[in-house]
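Student: Could we go through this structure together, setting each value against its definition?

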Amino acid sequence: MPDEHTVGDAVYAKWPQTNLWFHATVVKSKKGYVTVRFNDEDATVETLPDKFVSAEGRFARSGSKSPGRKRSRSRSRGRSPGRKVKASPSPVKKTTTSTRTTTSTRSRSRSKTRVMRAETPTRQSARIQAKQIAEDVVDANGLTLRTSTVTSVTTTTTVNNHEASGTTTTTKTFVAEELVQKSRVGKTTEKDFGGVIGTFVMTLVMPIFIMHATFVANSGWVIKEHKHIAVRDLVDRRAIAIYGGWFVFQAILAMLPLGRVVEGVTLRNGTKLEYRCNGFIALLVSLAAFGAAVKLKYPVTIVCDLFPQLVFTGIVFSIVLSVALYIRARGCSNAALATGGNSGNIIYDFFKGRELNPRCFGGAFDLKFFCELRPGLIGWVMVNFCFISKDCLENKYPSYAAVLVAVFQLWYVADALWFEEAILTTMDIVHDGFGYMLALGDLAWVPFLYSLQVRFLIDNPQTYSWYTLTGFFLMNLIGFLIFRGSNSQKDAFRKNPYDPALAHLESMPTSAGKRLLVSGWWGMCRHPNYLGDLIMAFAWTLPCGFKFAMPWFYPLYFVVLLVHRAYRDDLFCRKKYGTSWNNYRERVKYQIIPYVY
Ligand SMILES: NC(=O)C1=CN([C@@H]2O[C@H](COP(=O)(O)OP(=O)(O)OC[C@H]3O[C@@H](n4cnc5c(N)ncnc54)[C@H](OP(=O)(O)O)[C@@H]3O)[C@@H](O)[C@H]2O)C=CC1
Ligand SMILES: CC(C)CCC[C@@H](C)[C@H]1CC=C2C3=C(CC[C@@]21C)[C@@]1(C)CC[C@H](O)C[C@@H]1CC3
């Protein structure tokens, strides 16, 4: 039974998204929720379900022989609510070196529990939590999911861990239940993309649109000269061999033991997956292979001649893959599912993707990570270059505008692959399952639709003066600088918030322990990276002129995609950061375009 709380009560309250309990004071109590003010440096106020608030006395009753620690023991290194944690260039390392380590083993019976209590929540305690969360977690079937090393707490922090510090406190279970709940995926109730009807429509419309755009890339929205092409003409062995060969070639490159192996974000069960990041090498090898094929006079232009057949193959391949992924996910444990793809509705779950991280070859090959960056993204560049080669062969001079746009897009893809590990924190990898949306998006939408502008410019060459071309270049450069500058600033801050290079930036604390940047790029709007990306999208389309509508599909779609993405990210962050996210929104008011939106 949760305790009754009255305003002014001294309590222990659970810091959101952690397993840490801190001293707090009750501010309000209403209908199963209690608003508490933590005794931290920022006097953070949070409203929590009452099961996460416990009277101090009750904490002691639950087995504690010494209800509270002496102030002198619990606050190390002079931590007090008014004092800031001393910035350390490598805070995490500092924490781990002086820690006590417990190794937990895979067993049914030993589902250990640990309650961490601290006098005051600090950034450091949140970091410790990230390590502490690596406890045994029991999955839906009651099996302990993994063997892990549990790093406990140092004496240099404010966290008061009874075992590490040697006090006689023993604690009872508050956490075990929560960790198990955390690793379980409940039914998806809030549906995205217009729910079942919306995803059903998108499932049908997306492939039809990709196919349609194949025939009208060089014109308006509709096919003017109707070229009859039967479905059986779209099935072509050579196209299947080219598409399949390309996919296998990229998979082989991805598996080469080259490049860094990096860890992804902590999963719900506390583990992390490893990813080999050799995408940039794959791009270089692919470009070299293309160059060699052109030099050796291999008919690379077959890609243009068989373009509709290739698009059709890509679509069918994506559908088959999505069906296989859906069937595979039916056999996987609850812990492996994505939170957004477990509605129980076949259409919705098929579209959104049920399994979060499908892997094959004994876990060595991550399908979602591979598909998001390799065959489609590098394929997009290759499609562009094949069309430019055809243009060079057929005309005396290639369309310079097409070459310029192809270079811009190569630059964008090279950047994505150079900073490949940044993708590991995107919502596609962290939240979304791998289903039809991403499979079709990665393997057909990106290579065959993102190449619209180059294909258009080859069929409709545009002549521009050198200063207009310079204007397009500058626009792309500005977009890129905003995109890259903001993404790199956030990545650097996430890697080490105490990086001296970021000392000039202001950030605000959140209840989840992580801070949010509120100055620099991230002080201008909440998604400066989307703004840069959009500017680039316009720089790629302006050279197509305004005579035909089709090439404008890309920026139009991209605005919708990014606005919707910003909305989805807002929902995730609201869950993650609670009321701190509202404070952040108050502080950084604009979503994508400063002073406009
Ligand atoms: N070409 C294309 O088709 C597409 C391109 N993109 C591009 O991919 C890139 C990644 O996009 P996406 O993952 O959607 O979004 P973001 O890179 O913007 O990531 C959002 C996350 O950043 C963190 N964050 C937000 N605000 C702050 C802040 N003020 N300080 C510190 N961290 C903050 C939060 O995560 P946390 O706090 O947990 O770190 C939030 O969930 C973008 O550059 C986007 O333009 C995206 C989609 C399609
Ligand atoms: C139209 C559908 C509803 C959605 C399709 C979505 C996909 C095409 C995109 C979802 C997120 C993407 C990202 C990228 C490419 C497009 C998809 C796959 C990037 C890899 C592009 C390069 C950036 O540097 C990183 C992007 C991450 C997200």
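**Ligand and domain contacts**

Tutor: In this predicted model, a polar side-chain atom of lysine 576 lies 2.5 Å from an oxygen atom of ligand 1. Residues are numbered from 1 along each chain as its sequence is written, chains are lettered from A and ligands numbered from 1 in the order in which they are written. Local features need pLDDT of at least 70, side-chain atom pairs count only at pLDDT 80 or more, totals for chains, interfaces and linings use all residues, and side-chain values use heavy atoms, with hydrogens and water left out.

Student: What makes the pair of lysine 576 and ligand 1 a polar contact?

Tutor: A polar contact is a pair of N or O atoms within 3.5 Å (within protein, one must be able to donate a hydrogen and the other to accept it, and residues adjacent in sequence count only if both atoms are side-chain atoms), so the 2.5 Å of lysine 576 qualifies. Tyrosine 577 has a polar side-chain atom 2.3 Å from an oxygen atom of ligand 1, and for an N or O atom in the side chain of arginine 565 the distance to a ligand 1 oxygen is 2.6 Å.

Student: How do you know how much of ligand 1 the protein covers?

Tutor: On its own, ligand 1 has 910 Å² of accessible area (Shrake-Rupley method, 1.4 Å probe), and the protein covers 88% of that.

Student: Why are domain 1 and domain 3 said to be in contact?

Tutor: Contact means heavy atoms within 4.5 Å, and seven residues of domain 1 meet ten residues of domain 3 in this way. Zero salt bridges are counted between domain 1 and domain 3, a salt bridge being a side-chain nitrogen of Lys or Arg within 4 Å of a carboxyl oxygen of Asp or Glu.
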